[in-house]
Amino acid sequence: MTGGTPVPREGGAAFTGQGAGEVTAGETGAAASLRPEATFTRRGTHEVTFTQQGMWVTEQAVKVGTAYHMPLLVHLRGSLDTGALLAACAAVVDRHPMLRGVVAEVDDELRLVPGAEIPVRRAPGSPGGSPVGSPSGSPTGSPSGSPTGSPSGSLTGSPSGSLTGSPDGSPSESPDGEGTAGVDAAVREEILRAFDLEHGPLARFTLFETGPGRHLLVFVAHHLIFDGQSKDILVRDLAAFYNGERPSPLPEIDHGRSERDRVAAMLPAAKEFWAPRWRDPGETVLLGRALRSRRAGEGRVLRLTADPSVPGLTRFEVLLAALHVLLSGYGNAEVTTAVDLSTRPAEAADHIGLFVNELPVASIPSPEATFREFATGLRAELRQVYRFRQVPLTRAMPRIRPHAALVPVSVSYRTRHEADPVFTGLDASVEWTVFNHAVRGALHLQCVDGPGGLTVSLRHDPEAVPEAPRVADDLRLLLERATHDPDLPLKEILNQILE
């Protein structure tokens with residue numbers, strides 16, 4: 001689960017050199033290094049949230065690979081003060097104790113406890129300050145023998161280039177277009193490197209030199225301690241510390257404890273709400289294939305851009321309605337998808353952490369209804385689901401078995417209202433939806449709607465969804481038709497795109 005539908009501080013740094021180009025964040029902070037023989041009392045620990053508990057159990061029960069890895073890339077051009085940037089990374093860790101946390105059993109309960117120190121590492125370059133990696137060759141990022149999504153290594157779905165993809169989800173080239181195979185391979189390794197869930201750390205920073213005056217900061221965190229909105233907070237605070245600013249002190253919160261109080265108050269009504277609505281989703285038909293996968297596994301990615309604007313509806317509501325309509329056109333009389341919803345309280349607005357809950361949204365699209373009518377009805381159902389966004393489905397329906405995905409098809413959607421933060425003296429850009437080379441379920445749409453428009457990262461299981469390029473193109477066309485004339489009946493829209 002990354003991001004979620006949008007809802008409507010003192011930090012310093014302590015670090016010491018750890019060999020060439022490496023510092024360790026929080027060396028003298030409150031979170032001491034966790035050693036294998038360490039034992040804990042309840043003092044200095046916090047309750048986990050229900051989402052953290054469920055994710056931790058899923059990690060123990062099923063293989064999820066890198067499905068819970070959350071990477072972020074910051075491209076930096078110009079005269080970088082490397083020491084200031086590494087110090088800023090350490091300051092961000094010191095400001096946000098959640099980044100140092102791990103989940104551990106304390107007195108037969110799961111608690112958040114201090115984990116191992118977070119490495120802030122400068123990757124070694126070639127002699128004389130040359131870029132890391134090979135000076136020639138096309139970007140790849142896929143190890144030898146990895147399956148590919150197309151013979152050419154890229155996909156295009158429209159003349160306008162609104163549908164693109166790489167078979168392995170390699171990171172985009174730097175803004176100047178000077179990516180190297182060596183850098184891509186090193187970034188991929190950082191993304192895929194396993195976390196030690198027992199001891200930590202569950203986050204890491206690595207700085208690469210990609211060319212003269214060009215650097216790439218790679219951050220990877222485990223979803224247990226990080227969510228989509230945390231990306232914005234991390235980059236914003238990182239820029240502030242680099243620029244010599246001192247963000248306002250953060251209030252201390254114990255989200256796990258306060259969440260339990262809220263959920264306990266809402267649980268009776270949530271049980272009543274979900275009892276007639278929830279049933280095991282079974283299979284979802286996609287281009288003649290029955291999708292049943294709720295596991296996590298190796299994935300591929302396609303990216304598309306869209307402008308899903310219909311008066312009276314949010315862009316998220318239009319996108320979700322279009323997905324439901326498309327799934328109905330593929331042969332599903334009843335459609336169920338999962339959506340990631342933010343549970344972040346106002347007091348945690350500036351805190352890094354995991355504030356997300358995945359809930360199902362069901363519909364029965366009528367071919368005779370117009371797109372606007374259907375989307376308006378789906379909006380009403382969403383508003384009902386939102387009332388219980390704080391309550392995990394497994395609390396209301398406790399017999400649900402742990403899966404990496406609630407249903408085979410899911411959506412996460414995050415709105416970014418501000419431009420990328422400014423790093424003084426540098427030309428900076430951020431890749432917000434970097435692929436982690438995995439997917440939960442058969443198909444997951446990770447969406448970021450920012451100042452530059454809506455970007456959809458369509459992550460899929462290549463075995464379950466071999467025709468993903470067609471799915472992506474069908475969705476793009478459906479959005480175009482629906483937004484151009486939302487008063488067309490669904491059957492006419494589907495006839496136009498599926499003929």
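**Entry 1: the model.** I noted at the start that this is a predicted model.

**Entry 2: α6 and α7.** I began with helix α6, residues 315-329, and helix α7, residues 371-386. Their axes come within 9 Å and cross at roughly 110 degrees. Angles of 65 to 115 degrees count as roughly perpendicular, so I wrote down α6 as roughly perpendicular to α7. I recorded the crossing of the two as right-handed.

I then looked up which residues meet. On the α6 side I found Phe-316, Glu-317, Val-318, Leu-320, Ala-321, Ala-322, His-324 and Val-325. On the α7 side they meet Phe-371, Phe-374, Ala-375, Leu-378, Arg-379, Leu-382, Arg-383 and Tyr-386. Sorted by class, this contact has twelve nonpolar, one polar and three charged residues.

**Entry 3: α6 and α9.** Next I took α6 with helix α9, residues 468-484. Here the axes are 10 Å apart and the packing angle is about 120 degrees.

From α6, the residues in the contact are Val-318, Leu-319, Ala-322, Leu-323, Val-325 and Leu-326. From α9, they are Val-471, Asp-474, Leu-475, Leu-478, Leu-479 and Thr-483. I sorted the contact of α6 with α9 into ten nonpolar, one polar and one charged.

**Entry 4: α9 and α10.** I followed α9 on to helix α10, residues 490-498. The angle is about 135 degrees, with the axes 10 Å apart. I therefore put α9 and α10 down as oblique to each other. α9 passes α10 in a right-handed crossing.

In α9 I listed Arg-470, Asp-474, Leu-477, Leu-478, Arg-481 and Ala-482. They meet Ile-493, Leu-494, Gln-496, Ile-497 and Leu-498 in α10. By class, the contact of α9 with α10 divides into seven nonpolar, one polar and three charged residues.

**Entry 5: the cores.** Which residues touch the most other members of the largest nonpolar core? I found Trp-274, Phe-371, Leu-445 and Leu-478, out of 72 residues in that core. α6 gives the most to this core, with ten residues. I reminded myself that nonpolar side chains tend to be buried together in soluble globular proteins.

I picked Leu-445 and left aside its neighbours within four places in sequence. Leu-445 is in contact with Leu-323, Ser-410, Val-411, Ser-412, Val-456, Ser-457, Leu-458 and Leu-475. There is also a second, separate core of 68 residues, which includes Val-64, Ala-67, Leu-72 and Leu-216.

**Entry 6: Ser-230.** Is Ser-230 buried or exposed? I read a relative accessible area of 0%, and buried means under 20%, so Ser-230 is buried. Ser-230 lies in helix α4, residues 228-242. Apart from neighbours within four places in sequence, Ser-230 is in contact with Arg-344, His-351, Ile-352 and Gly-353.

**Entry 7: Leu-341.** My last entry is Leu-341, which lies in strand β15, residues 335-342. Leu-341 is buried, because its relative accessible area is 0%. I also looked up Leu-341 and Asn-357, which are 16 residues apart in sequence. In space, C-alpha to C-alpha, Leu-341 and Asn-357 are 5.2 Å apart.

Technical notes
Residues are numbered from 1 along each chain as its sequence is written. This is a predicted model: local features need pLDDT of at least 70, side-chain atom pairs count only at pLDDT 80 or more; totals for chains, interfaces and linings use all residues. Side-chain values use heavy atoms; hydrogens and water are left out. Axes are lines fitted to C-alpha atoms, for helices over the stretch in contact, and angles run from 0 to 180 degrees between N-to-C directions. Helices (H or I, at least four residues) and strands (E, at least two) are DSSP runs, numbered from the N terminus. Angles under 35 degrees count as roughly parallel, over 145 as roughly antiparallel, 65 to 115 as roughly perpendicular and the rest as oblique. A crossing is left-handed if the near helix is turned anticlockwise from the far one by less than a right angle, and right-handed if clockwise. Contact means heavy atoms within 4.5 Å. Ala, Val, Leu, Ile, Met, Phe, Trp, Tyr, Cys and Pro count as nonpolar, Asp, Glu, Lys and Arg as charged, and the others, Gly among them, as polar. A nonpolar core is a set of buried Ala, Val, Leu, Ile, Met, Phe, Trp, Tyr and Cys residues joined through side-chain atoms within 4.5 Å. Buried means under 20% relative accessible area, exposed over 50%, partly exposed in between (1.4 Å probe, protein chains only).
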